[in-house]
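Reader: I have a structure open on my screen and would like to learn how to read it. Could you take me through some features, with the general idea first and then the case at hand?

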Amino acid sequence: GDIADGLSRGVESIGSTVSGAFFEPVIRLGVTGLSRAGKTVFITSLVANLLDRARMPQLAAAAEGRILTAYLQPQPDDTVPRFDFETHLAALTAPQPRWPESTRAVSQLRLSLRVRPAGLLAGIQGPRTVHLDIVDYPGEWLLDLELLDLSYADWAAKALQRAEGRSQAAAYMALAREVDGDAKFEEPQARTLADAYAAYLQTAREDGYSDCTPGRFLLPGEMAGSPALTFAPIPKPQGRKRGSLWREMERRYDAYTARIVKPFFRDHFSRIDRQIVLVDALGAIHAGPAALDDLRRAMTDILSAFRPGRNAWLSRLLLGKRVEKILFAATKADHLHHLQHPRLTHIMEALVRDAKDRADFAGAQTESMAIAALRATVEETLNHGGRSLDCVRGTLLDGRQAAFYPGDLPEDPQRLLGPAREGAETWLDEDYAIMNFSPAALRLKPGEGPPHIRLDRAAQFLFGDRL
Ligand code: GDP
């Protein structure tokens, strides 16, 4: 099966390259990040700003006036849910704007651009159509790649060890310690364990932990309640008898990897050309050192999915195809005055460098950036007891409008990430906790997309070279 999968994929990708090179090129842009990182807002604002390009000066083709038109089209993949752009944009641009519903599963959108070629070709060639296929998928699903290399016994040992150190897992660990894996399998017990394990992962995520597998336990989609999602790590028993709880847990884990994890990598991940990884670095910094360490581990795991040769099964599937560019974007930069943006970028660079050292992924070109896909604030400098504070002003979810000072980020990222970090618990401790902004009410002029910070630079890095 695996080899056949790889071969048919190979034939298909050759097919699309041939037609792509001579007719209408297709760029498959993957958008990922852990839940609440900002994927939905990013895609909505990117598409709106590509449809109306007045705010995209850093996207060369837009600045040069070479994008003649941009329009949405039915995507080529008939069985993948469509990214619900119109509903999300309507939420963000309503008279009383709301944040859209977040990503729960994979979805896709095709934006087509009529582009006049650059430079000398402009005189010879007419405009051509470039399709941007945007694929939105939860970053949690990438963390599951590791499961393909682990047997149930290995994964369970690792997961239990990780849970041991997390207070959020106390209730689950109490259950797991009592379990006898040799006992006869009973569905209600499996259900109880799986529910308790999922509840722990959920709380751990809310408390800022990133490394929470299996990824589908957080975002089950239509698989919720199926046997392949009703398992949990339990301590290894002596006997591992037929018909025992352990044996059934093992079987379900294998079903999860074969029927859920592999199809995602085969059908979606393996076809991506360019990738943006959105990271709520500010959230993790605010949550404290444990959450930041965890984010760092998750980044390493996410990056390793892009490393050629990382996994034998995936390498066969990819047949040498690789993601050409990866952008790591720290999101929600509108929480900070722009004077602090370079510091946020440096922190992002340090996180990526760290992950790169451990999971070298030759080939892909990478960059780090601080962005806000939808700018919800304006800047304001206040005088506070003789000290001048660089604030941002915005509307909170409860409707109050005020200026906030989130606290300062360190100049040197090592003061947050290095071995000798000082006061790491207290970075971004000032107003950050209450800065739950709602999107700003927009009065857009014709041709204007929603306001953003560096969305155009992100677009230039990701696909500007292909326009
Ligand atoms: P997803 O789970 O990755 O799809 O995350 P969303 O795109 O739904 O974003 C999660 C939340 O983060 C939103 O509901 C907003 O509260 C916040 N958010 C996302 N992007 C921005 C941004 O550019 N600026 C601000 N201020 N908040 C953002």
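Author: Happy to. Let us begin with Asn 49, which is found in helix α2 (residues 39–51); helices (H or I, at least four residues) and strands (E, at least two) are DSSP runs, numbered from the N terminus. This is a predicted model, in which local features need pLDDT of at least 70 and side-chain atom pairs count only at pLDDT 80 or more, while totals for chains, interfaces and linings use all residues. Residues are numbered from 1 along each chain as its sequence is written, and side-chain values use heavy atoms, with hydrogens and water left out.

Reader: Is Asn 49 buried or exposed?

Author: The general idea is a cut-off on relative accessible area: buried means under 20%, exposed over 50%, and partly exposed in between (1.4 Å probe, protein chains only). Asn 49 counts as buried because its relative accessibility is 0%.

Reader: Which residues is Asn 49 in contact with, leaving aside its neighbours within four places in sequence?

Author: Contact means heavy atoms within 4.5 Å. By that rule, and with those neighbours left aside, Asn 49 is in contact with Arg 55, Met 56, Gly 449, Pro 450, His 452 and Leu 455. Leu 46 also has its place in helix α2 and is buried, at 1% relative accessibility. Not counting residues up to four places away in sequence, Leu 46 touches Leu 29, Met 56, Ile 134, Leu 455, Ala 459 and Phe 463.

Reader: Leu 455 belongs to α16. How many residues of helix α16 are buried?

Author: Helix α16 (residues 455–463) is mostly covered, with 7 of its 9 residues buried. These are Leu 455, Asp 456, Ala 458, Ala 459, Phe 461, Leu 462 and Phe 463. They pack against β1 (26–33), α2, β4, β5, β6 (325–330) and β7 (365–370).

Reader: Now charges. How many salt bridges does a search of the whole structure find?

Author: Side chains of opposite charge can pair when their charged atoms come close. A salt bridge is a side-chain nitrogen of Lys or Arg within 4 Å of a carboxyl oxygen of Asp or Glu. The search finds 27 of them. In one, Arg 110 pairs with Asp 133, with the closest N and O atoms 2.7 Å apart. That pair links distant parts of the chain: Arg 110 is in strand β3 (residues 107–115) and Asp 133 in strand β4 (residues 128–136), 23 residues apart. Arg 110 is buried at 12% relative accessible area, and Asp 133 is buried at 1%.

Reader: Which residues are linked with Arg 110 and Asp 133 in a network of salt bridges?

Author: The network also holds Arg 28, Asp 77 and Arg 271. Glu 248 and Arg 252 are both buried.

Reader: What is the volume of the largest pocket, and which residues lie nearest its centre?

Author: On a 1 Å grid over the protein atoms alone, a pocket is an open set of points where a 1.4 Å probe fits, with protein on both sides within 12 Å along at least five of seven lines; lining residues have an atom within 4 Å of a point. Grid points are joined across faces, edges and corners, and a volume is the space filled by probe spheres set on the points. Here the volume is about 1400 Å³. The lining has 48 residues, of which Ser 35, Arg 36, Ala 37, Asp 280 and Lys 332 lie nearest the centre.

Reader: What is the phi of Arg 36?

Author: Most residues other than glycine have a negative phi, and most peptide bonds are trans. Arg 36 has a positive phi, near 70 degrees. Arg 36 lies in the loop between β1 and α2 and is exposed, with a relative accessible area of 60%. Lys 332 also has a positive phi, about 60 degrees, although it is not a glycine. Lys 332 is found in the loop between β6 and α14 (341–358), and at 26% relative accessibility it counts as partly exposed.
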